[in-house]
Amino acid sequence: MATFVLVPGGWKGSWSFEAVVPLLERAGHTVHALTLTGLRPDDDDATVAAANLDTHAEDVLRLLDRHHITGATLVGHSYAGMVIAAAADRAGGRISRLVHLDAYVPRDGESCWSSTNEHFRKVFAAGAAATGYAVRPPDGGDPRRRPHPLASFLQTIRLTGALAQVPRREFVYCSGWEDRTPFAGLRARLRADPEWQVHDLPTGHDAMHEAPEAVAALLLGERVADGARGPAARGAG
């Protein structure tokens, strides 16, 4: 049985996977859904201001240490593609699979800010105007969302090359919001890379809520509708 570590994207907590977790557990797998530092309900302003990409990668690594996890599947949604990449690069071979769920797949020296499109750079800048350190959630969406640490969107990732040793790397492209997605170019790049498997889901960005069964099926290695290759929205944060 697999061990899944589910990492939410910008402004969200472990609750963003609430419809997917029971489907994976019902199939007999162990599942850990994280809420990253600065996004927890009791985090104070100083904690939010200090949290960056390194902080969030350490959140994942601490969970692996605490539960003595090896052979983990890391799943990152949106911004959390940055997080799982950084964590996997530092995990010392404890990761067997990466799934970037409509998520950034960074190269060394990139950041969420540099990897996204102009629309979302404007969202980040406007959202941080009030405090200078926390990006308020875009209007609409789940009321449980919280201001996101700006530093985590801005910090560049440092990768040693160890990430390339993860045996299975997958990217899921959500095709239902093509007017705003920052991931179209990334999809094209990864489809041309034989070391990556690319899947399409005909959903908006928030696939975990729109189509939890399809997301779970993909994570379980089952064929899903519009799968692009390999085994079968409110904001890109």
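1. Strand β4, which covers residues 95-101, has 6 of its 7 residues buried, so the rest of the structure largely encloses it. Buried here means under 20% relative accessible area, exposed means over 50%, and partly exposed lies in between, with a 1.4 Å probe and protein chains only. Strands (E, at least two residues) and helices (H or I, at least four) are DSSP runs numbered from the N terminus.

2. This is a predicted model, in which local features need pLDDT of at least 70 and side-chain atom pairs count only at pLDDT 80 or more, while totals for chains, interfaces and linings use all residues. Residues are numbered from 1 along each chain as its sequence is written, and side-chain values use heavy atoms, with hydrogens and water left out.

3. Strand β3 (residues 72-77) runs parallel to β4 and is joined to it by 6 bridges, where two strands pair if DSSP finds at least two bridges between them. Alanine 72 has isoleucine 95 of β4 as its bridge partner. Between β3 and β4 the chain passes through helix α4 (residues 80-90), and this β-α-β crossover is right-handed, a term that applies if, with the strands pointing away from the viewer, the path from the first strand over the helix to the second runs clockwise.

4. β4 also pairs with strand β7 (residues 168-174), again in the parallel sense, over 5 bridges. Histidine 100 stands opposite phenylalanine 171 in β7.

5. Which side chain makes a polar contact with the side chain of histidine 205? The partner is the side chain of aspartate 102, at 2.7 Å; a polar contact is a pair of N or O atoms within 3.5 Å, of which, within protein, one must be able to donate a hydrogen and the other to accept it, and residues adjacent in sequence count only if both atoms are side-chain atoms. Histidine 205 is placed in the loop between β8 (197-201) and α9 (207-210), and with 1% relative accessibility it counts as buried.

6. A search of the whole structure finds 8 aromatic pairs, the criterion being that rings of Phe, Tyr and Trp (its six-membered ring) have centres within 6.5 Å, with planes under 30 degrees apart counted as stacked, over 60 as edge-to-face and the rest as tilted. Tyrosine 104 and phenylalanine 183 form an edge-to-face pair, 4.8 Å centre to centre with 65 degrees between the planes. Tyrosine 104 lies in the loop between β4 and α5 (112-115) and phenylalanine 183 in the loop between β7 and α8 (184-191), so the pair ties together parts that are 79 residues apart in sequence. Tyrosine 104 and phenylalanine 183 are both buried.

7. Phenylalanine 183 also forms an edge-to-face pair with phenylalanine 171, at 6.5 Å centre to centre and 70 degrees between the planes. Phenylalanine 171 and phenylalanine 183 are both buried.

8. Ring pairs link Trp11 with Tyr79, Trp113, Phe124 and Phe153 in a cluster. Tryptophan 11 lies in the loop between β1 (3-7) and α1 (21-26) and has a positive phi of about 75 degrees although it is not a glycine; at 3% relative accessibility, tryptophan 11 is buried.

9. Histidine 68 is another residue other than glycine with a positive phi, near 55 degrees. Histidine 68 lies in the loop between α3 (53-66) and β3 and is exposed, with a relative accessible area of 71%.
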